Amino acid sequence: MLAQLGALALGCGRVGFVADAAPRDDATVDAPTADAGCVACSEWCNDRDDDCDGAADEGAVCDGICARVRRSGVDLSLLCGASARDAAELACAQHGGALVPITDHATHQAALDALADAAETCAWIDGSDASEEGTWRRADGTLFWTGVADGIAPSGVFSGWRAGDPDASAESEDWLALVEGEGWADSPSDATCPALCARAVCAR
Ligand SMILES: [Ca+2]
Ligand SMILES: [Ca+2]
Ligand SMILES: [Ca+2]
């Protein structure tokens, strides 16, 4: 199912918001008042009062974010500006998240929607075969692909490679990028793309 595209003016520049058309567990948007039962997390750009101070997205947390996607349980942010892979990973950490691990088709499609919404051609996402060529793992160590384009995913594990990838056409193509309108590409670390960051929605 395709996500619906919309746009919200949030006082933080051009921020696209892709609503999740599927049922989700974060459908309740916080009221702009402090909640005695609120469980405080650090603030994150998501229209919610994560730190329970009665204000949503205060402290310039939306600065530098060009598109957002909310999936069930996860907020995605596409950072503005392209960088090499190491800098993208650091930028996500500085925003309180990490490069998104794309583990299902719905998140994959939502990520593609975010790229299209921001008119970006690519984004860095979680995944690498730098430790062992042809063995693709997420940052948490989860194996998601072995081999090149005719390789194999572990049973039940999602993969979203674009046609012909991974091709390991250069020895340094060890980092996972999402290409707009296509899918995953094995890419060299000095390619330049924006970072697509994720953080779990704060528990309530
Ligand atoms: Ca707040
Ligand atoms: Ca927030
Ligand atoms: Ca490789």
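How many helices and strands are there in the protein? This predicted model holds two helices and eleven strands. The legends below take you through some close-up views.

**View 1. The order of the elements along the protein.** Starting at the N terminus, you can follow the elements as β-β-β-β-α-β-α-β-β-β-β-β-β. The protein has 204 residues, and 38% of them count as buried. Now look at the contacts between residues at least 6 apart in sequence: 54% of these join residues at least 24 apart.

**View 2. The largest nonpolar core.** Here you meet a core of 38 residues, the largest nonpolar one. Leu76, Ala111, Ala114, Ala123, Ile125, Ala195 and Leu196 have the most contacts inside this core. At least two core residues come from each of β3 (65-71), β4 (74-79), α1 (85-94), α2 (105-118), β6 (122-128), β9 (173-179), β10 (183-188) and β11 (196-200). The largest share, six residues, is supplied by α2.

**View 3. The surroundings of Leu76.** Leu76 is one of the residues with the most contacts inside the core. Leaving aside residues up to four places away in sequence, you will find that Leu76 touches Arg68, Val69, Arg71, Val100, Ala110, Ala111, Ala114, Leu196, Cys197 and Ala198.

**View 4. Strand β11 and its partners.** Why is β11 described as largely enclosed by the rest of the structure? The reason is that four of the five residues of β11 are buried. Strand β4 runs antiparallel to β11, and five bridges join the two. Look for Asp75, which stands opposite Arg199 of β11. Strand β5 (residues 98-99) is also antiparallel to β11, joined to it by two bridges. In that pairing, find Leu99, whose bridge partner in β11 is Cys197.

**View 5. Helix α2, end to end.** Helix α2 has 14 residues and reaches 20 Å from its first C-alpha to its last, close to the 20 Å expected at 1.5 Å a residue. Its buried residues are Thr107, Ala110, Ala111, Leu112, Asp113, Ala114, Leu115, Asp117 and Ala118. While you trace the helix, keep in mind that an α-helix has 3.6 residues a turn, so residues three or four places apart point the same way.

Methods
Residues numbered from 1 in each chain as written. Chains lettered and ligands numbered in written order. Predicted model: local features only at pLDDT ≥ 70, side-chain atom pairs only at ≥ 80, totals over all residues. Buried ≥ 20, exposed ≤ 12 C-beta atoms within 10 Å, placed from the backbone. Contact = placed C-beta atoms within 7 Å. Core = buried A, V, L, I, M, F, W, Y, C linked by C-beta atoms within 7 Å. Pairing = 2+ DSSP bridges. Expected span 1.5 Å × (residues − 1).
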